[in-house]
Amino acid sequence: MTKIKAYAADNKDANLKPLEIERRETLKDDVKIDIMYCGVCHSDLHQVQNDWKNSVYPVVPGHEIIGKVLEVGAGVTKFKVGDLVGVGCLVDSCKSCSACEDNLEQFCENGATWTYNSKDKHLGGHTFGGYSESVTVNKEFVLKVPENLDPKAAAPLLCAGITTYSPLAHWGVKKGDKVGVIGLGGLGHMGIKFAHAMGAHTVMITTSPSKSEDAKKLGADAVLISKDEAQMKEHANSFDFLLNTIPVGHDMNPYAALLKRDATMVIVGAVEPLDPLHGGSLIMGRKSIAGSLIGGLKETQEMLDFCGENNVVSDIEMIDIQNINEAYDRLQKSDVKYRFVIDMKSLKNS
Ligand code: NAP
Ligand code: ZN
């Protein structure tokens, strides 16, 4: 076992602070990764605050990991020392249930192992995430990062990227479709970039008029202010697809009213009770509301390759690990442009 530096929260009200953690020795099928950058997802904040009621402390968050391979086990041929690699939300699964066989490890019927806050099969206790110096991961859960991408700006692809790419791909968004992305944060800005790259007519649906100009720079063809009833009415029954990234429970009725006949809104943000939905919101127009959870490993690699070919990365604000608590305060206030990424040198040099 190796002892390394990390940042952790001790309880739901605590600020993150330094903590020494252990990583396992590199096993036959393992890849040991020196973490260069780690994105800050709103899910990190949810788990630190125990919003989903399943946090185990100390929580070392971080599932948008980019780094260089430090060491590989004897059974690893796909990766070599020095390769640029990524790790997202998953570090293991059973690999034999029907979900795993369908390359949907996030839905593993025997319980996937999440990058943090999951039972650690090797060391006991629970897994620790990317706000740390290094991580050791089974080769099947390590992704190749195209070398033409800026590694800092590629970090958020590992969660925000796949979480938005997957539903757009699964629901078959195509050229000319009118696609709305609700909420301009880490996920939302990637949703706009992907929908735009897929040739859709993209509309940023936001509560923040101040983000309008940025939305257009990110690839939105139009901006819809969700608090403006007149604007919402103008766009009624017009969207082929909606991607909803709002991080908290909310009233979905006004958004369902935007869908065309037979169209779908996919919820990725609110992992908590939503306000009552009026049946008529769906019945009148045969509309659907669905959910989506990150993406499997195969699709995550496909998304990274798509980003390599189309030069898609995130718009990021770099921070030192010592500023993580201030970054969380800003994330809570929807004040991030549009993903914080931690430079892990700040941890290593501390
Ligand atoms: P984020 O950066 O904080 O962005 C969320 C955006 O939603 C905000 O910038 C804001 O945009 C809008 N918003 C916030 N509160 C709102 C409210 N009360 N009503 C309406 N809009 C609101 O968060 P993120 O990292 O993108 O994550 C979004 C959510 O997805 C989180 O809950 C996260 O846990 C979840 N998540 C899910 C998956 C999955 O696999 N399903 C994966 C990753 C993350 P505007 O200012 O533009 O309105
Ligand atoms: Zn995430």
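The largest pocket has 50 residues in its lining, and His-42, Ser-43, His-46, Pro-247 and Gly-269 are the ones nearest its centre. Keep in mind as you explore that this is a predicted model. Empty space like this shows up when a probe the size of a water molecule is rolled over the atoms. Let's take the pockets one by one.

**The largest pocket**

- The space inside the largest pocket comes to about 1200 Å³.
- Four elements each give at least two residues to its lining: helix H1 (42-48), helix H5 (186-197), strand E11 (201-206) and helix H11 (324-332).
- Among the contributors, H1 gives the most, with four residues.
- Sorted by class, the lining of the largest pocket holds 24 polar residues, 22 nonpolar ones and four charged ones.

**The second largest pocket**

- Here the volume is about 270 Å³.
- The lining of the second largest pocket is made of 16 residues, and those nearest the centre are Leu-104, Gln-106, Ser-166, His-170 and Glu-299.
- Two or more lining residues come from each of helix H4 (160-170) and helix H10 (297-310).
- H10 provides the largest share of this lining, namely three residues.
- The classes here are seven polar, five nonpolar and four charged residues.

**Something to find in the structure**

- Which element gives the most to the lining of the largest pocket? Look for H1, with its four residues.
- Which element supplies the largest share of the lining of the second largest pocket? That one is H10.

Terms used
Residues numbered from 1 in each chain as written. Chains lettered and ligands numbered in written order. Predicted model: local features only at pLDDT ≥ 70, side-chain atom pairs only at ≥ 80, totals over all residues. Heavy atoms only, no water. 1 Å grid on protein atoms, 1.4 Å probe; cavity = no way out; pocket = protein on both sides within 12 Å on 5 of 7 lines; lining within 4 Å. Points joined across faces, edges and corners; volume = space filled by probe spheres on them. Nonpolar A, V, L, I, M, F, W, Y, C, P; charged D, E, K, R; others polar.
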